Amino acid sequence: ALRFHPGEWGDIELVVLARRMGEGVAAVNYRTGEQGDYAVLIAEDEIVLYKAGTPLAQEPMEPIPPGEWFVLHVVALGGEHEILINGEVVVYARDPDPLPPGGVALAVHGLARAEFDAARESFRRVAPSDGAVKTEPAAMAQWMIGESYMHQQDYQRAIAEYFRVEALYAYPHWQAAALLQAGKCYQQLSNRAEALQQFRRIQEK
């Protein structure tokens, strides 16, 4: 499903879980406005970053088999754009004349379709269970594992996965986000004391 989010999105970080179901091109658009937008297009064996319809960067990539989930991670800060697939940087580009803030359009799969097991399998490729990978994409993927259990209302397992974010990854904003969600899980379990404790811990991050 394609969703458009209007607004003034400038510096932005997007994470999309997707999979190829057949021939075609997957796309994520951001800073969409009157001057055009940036578009990340993923074909079978290449990935292209467009600016207002003109290629800004183009790189070959290993084909992603049909039906296999992958994590697309886009980071846009000013004129700098970094695109990662499953935690690996595949495209870096610098635009000396960046587009102004605008809307975002992205495909939503996996969690939105309640395919939780397949989604978690993809996230665990980015965030291995042994915690050996300490990158920010790994922290994000670990947080998403907690989210998947929370959506299934398996609050105890969600809490355990959120606590792994806080324990394994030294990224304060992801740690705070994990503690917030853990607190919400405790609220669902009617454990007000633990919920308040997690909310207080956020202030330390």
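The radius of gyration is taken here over C-alpha atoms, and the rule for a globule is 2.2 Å times the number of residues to the power 0.38. For the 205 residues of this predicted model, a compact globule would have a radius of gyration near 17 Å, and the value for the protein chain, 18 Å, agrees with that. The chain contains five helices and 10 strands.

**Overall form**

- The C-alpha trace of the protein chain spans about 55 × 35 × 30 Å along its principal axes.
- Of the 205 residues in the protein chain, 45% are buried.
- Among contacts in the protein chain with a separation of 6 or more, 56% are between residues 24 or more positions apart.

**Helices α3 and α4**

- Helix α3 covers residues 155-168 and helix α4 covers residues 172-188; their axes come within 8 Å and cross at roughly 160 degrees.
- Because angles over 145 degrees count as roughly antiparallel, α3 is roughly antiparallel to α4.
- The crossing of these two helices, α3 and α4, is left-handed.
- On the α3 side, the contact involves Y155, A158, I159, Y162, F163, V165 and E166. On the α4 side, it involves W174, Q175, A178, L179, Q181, A182, C185, Y186 and Q188.
- By class, the residues of the contact of α3 with α4 comprise 12 nonpolar, three polar and one charged.

**Helices α2 and α4**

- Helix α2, formed by residues 136-151, packs with α4 at an angle of about 10 degrees, and the two axes are 10 Å apart.
- Since angles under 35 degrees count as roughly parallel, α2 is roughly parallel to α4.
- From α2, the residues in contact are E136, A139, M140, W143, E147 and M150. Their counterparts in α4 are H173, W174, A177, A178, Q181, K184 and C185.
- The contact of α2 with α4 has eight nonpolar, two polar and three charged residues.
- W174, A178, Q181 and C185 of α4 are among the residues that meet α3, and these residues also take part in the contact with α2.

- A52 is not a glycine, yet it has a positive phi of about 50 degrees.
- The position of A52 is in the loop between β5 (46-51) and β6 (54-60), and its relative accessible area of 44% makes it partly exposed.
- N86, likewise not a glycine, has a positive phi of about 50 degrees.
- N86 belongs to the loop between β8 (80-85) and β9 (88-94); with a relative accessible area of 24%, N86 is partly exposed.

Note on methods. Residues numbered from 1 in each chain as written. Predicted model: local features only at pLDDT ≥ 70, side-chain atom pairs only at ≥ 80, totals over all residues. Heavy atoms only, no water. Axes fitted to C-alpha atoms, helices over the stretch in contact; angles between N-to-C directions. Helix = DSSP H or I, 4+ residues; strand = E, 2+ residues; numbered from the N terminus. Parallel < 35°, antiparallel > 145°, perpendicular 65-115°, else oblique. Left-handed = near helix turned anticlockwise from the far one by under 90°. Contact = heavy atoms within 4.5 Å. Nonpolar A, V, L, I, M, F, W, Y, C, P; charged D, E, K, R; others polar. Buried < 20%, exposed > 50% of the residue type's maximum accessible area, 1.4 Å probe, protein only.
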